Amino acid sequence: MPLLLKKPSALPGFKWALGYVVLYLLLLVLIPLGGLFFKSATLGWAGWWHALLTARVLAAFEVSFGTALAAALINGLAGLPLAWFLCRYEFPGRRLLDALIDLPFAMPTAVAGITLATLFVPQGWAGRLLAPLGITVAYTRLGITLALVFIGLPFVVRSLQPVIEELDPAVEEAASGLGASWWGAFWRVIFPELGPALLTGFSLAFARCVGEYGSVVFIAGNMPMRTEIVPLLIITKLEQYDYAGATALGSAMLMASFILLLAINHLQARLQRSTQ
Amino acid sequence: MKARNRFLQSAVLILALAGASSLAAEGGAAKSIKLLNVSYDPTRELYQDINKAFAAQWKAGHNEDVEISQSHGGSGKQARAVIDGLEADVVTLALAYDIDVIADKAQLLPKDWQKQLPHNSAPYTSTIVFLVRKGNPKGIKDWDDLVKPGVAVISPNPKTSGGARWNYLAAWGYALRQKGGDEATARDFVTRLYKNVPVLDSGARGATTTFVERGIGDVLLAWENEAYLAINELGKDKFEIVVPSVSILAEPPVAVVQKVAEKHGTAKVAKAYLKFLYSEEGQEIAAKNYYRPRLASVREKYKANFAPVKLFTIDEAFGGWTKAQATHFADGGVFDQIYQPAK
């Protein structure tokens with residue numbers, strides 16, 4: 001068999017397993033996505049580009065991808081110490097805090113968006129404190145990013161936790177015993193171990209956020225050219241019964257995300273190789 | 001991604017409804033007729049009352065139980081659900097355009113559906129009014145006051161909200177009707193108006209929330225019935241209604257989805273249901289829910305609720321929905337041009 005089997009397993013039999021995987025992915029992922037591309041193909045190549053290359057659509061792409069990247073970065077930076085703390089320290093209430101991390105998964109996104117908007121409008125609890133500093137959160141890109149940070153948090157923490165659990169504290173001790181500063185120990189010993197998991201968390205959070213609609217529309221203000229996200233433009237097209245135009249935006253978004261995720265995967269593979 | 005979710009949602013809903021109706025058909029010993037009324041957002045309360053009254057009337061006349069289910073959502077979204085296979089016996093939507101599309105794309109009802117019932121198939125009407133904060137601190141009296149600097153107007157996005165299209169067209173029609181008013185002045189007026197809109201919510205209820213709960217904006221452009229609902233639910237001490245000198249006559253139409261009703265064997269009761277809306281009892285229920293009744297006697301009885309306002313129709317001012325939609329709200333239309341960056 002020309003296929004590369006990592007390790008032949010006695011369990012279900014390769015053919016059955018492969019058949020199962022292909023069938024499942026076909027039904028659940030490939031057929032709906034194929035439908036998307038098929039419908040957008042009715043526009044033709046020129047029509048497809050024409051639907052994309054308008055100032056308004058490009059601005060929306062910038063908003064969607066910019067805020068999703070920013071939110072994933074913030075989540076990466078903030079999620080690492082969170083995951084570290086929850087794994088390495090035992091204290092009363094730890095399980096409760098740990099469970100809280102999953103809340104953004106469980107909460108309907110619209111609820112999250114409405115709650116954040118209520119808090120951060122200039123008259124809201126948090127908005128009132130920020131207004132004198134000249135910071136407006138609701139109805140700006142900052143607000144969109146905030147909603148996405150909320151939505152994406154569990155991805156980073158949950159990706160990191162198992163790896164941190166695996167990490168032997170003795171390694172850090174050895175590093176500092178051998179004279180490394182805490183920063184040196186972190187940067188040269190711990191980070192290389194966590195890097196791939198952190199990237200996984202980052203890319204999951206990013207992928208989730210780029211398509212997020214429910215929470216964002218409530219806090220974005222939806223102003224064309226400024227705070228309008230691509231999923232909203234898709235809904236707008238559907239509202240005009242322009243199914244083909246909607247699928248054009250959808251497929252473009254999917255491709256852009258796919259390319260970004262591929263790049264991240266590639267980076268991750270290189271990181272993994274360099275640490276081994 | 002979300003679009004896929006929506007598709008799945010509606011697929012599940014359709015399956016569930018299909019399952020439910022086939023179950024009902026099998027257990028058909030008890031004589032009970034089921035109707036599905038697919039409607040738009042703010043009619044929830046209206047049709048709850050209508051359904052109860054109609055069921056009682058039908059039972060008295062025919063000794064049959066009628067069970068009417070309601071489905072509510074944005075008007076365009078609801079029309080799409082029907083096109084995609086949601087088996088509505090009747091549709092009661094915000095704009096004739098949405099029913100036109102059902103007739104056009106899915107051919108579920110004849111193209112001249114609007115001629116089948118009196119008054120363009122719109123048994124009740126509504127209009128666009130202003131909701132302002134108590135005491136009217138910005139002194140809003142008419143459309144002109146909305147474009148003054150420093151006035152924040154809340155109105156949803158006309159690209160995603162049927163109600164918002166009425167708001168937009170009402171403002172446009174007002175500007176046309178002013179001395180020396182023409183396309184150019186109307187366009188300028190509407191552009192200045194939207195410069196005063198700080199947030200474009202995706203739906204009418206969302207805009208109401210922004211204005212009422214979040215305290216954003218000085219004026220909310222709203223359906224008359226929504227404005228009354230907001231006042232009744234949230235207290236007369238917080239808001240008041242300002243009726244402009246001129247506004248648009250909104251005629252939310254109703255229609256039997258002929259092909260579906262024939263398939264379900266509900267054509268007769270569906271037609272009676274819609275005719276009931278025109279009866280004295282139906283008109284009174286509409287008036288109580290702050291929709292303007294067509295019947296003169298009922299209008300007279302409830303005239304305290306409906307301030308006099310000069311109304312123009314969409315056919316007079318814009319040559320019908322299809323044309324208005326293409327000129328103003330299609331991609332690249334006038335509304336989009338307002339937000340085009342200056343070159």
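Two strands pair if DSSP finds at least two bridges between them, and helices (H or I, at least four residues) and strands (E, at least two) are simply DSSP runs, counted from the N terminus. What you have here is a predicted model, where local features need pLDDT of at least 70, side-chain atom pairs count only at pLDDT 80 or more, and totals for chains, interfaces and linings use all residues. Residues are numbered from 1 along each chain as its sequence is written, while chains are lettered from A and ligands numbered from 1 in the order in which they are written.

Let's start in chain B with strand E8, residues 246-250. E8(B) pairs in the parallel sense with strand E11 (residues 310-312) of chain B, over 3 bridges; there, B:Val246 sits opposite B:Lys310. E8(B) also runs antiparallel to strand E4 (residues 124-133) of chain B, with 2 bridges joining them, and B:Ala250 is the bridge partner of B:Ser126. The strand is mostly covered, with 4 of its 5 residues buried (20 or more other C-beta atoms within 10 Å of a residue's own, with C-beta atoms placed from the backbone).

Now hop over to helix H8 (residues 224-234) of chain B. Its buried residues are B:Glu224, B:Asn225, B:Glu226, B:Ala227 and B:Ala230, and they pack against E4, helix H7 (204-212), strand E6 (219-223) and strand E7 (239-242) of chain B. Two residues are in contact if their C-beta atoms, placed from the backbone, lie within 7 Å. Just after H8(B), B:Gly235 takes a positive phi of about 105°.

Terms used. Buried ≥ 20, exposed ≤ 12 C-beta atoms within 10 Å, placed from the backbone.
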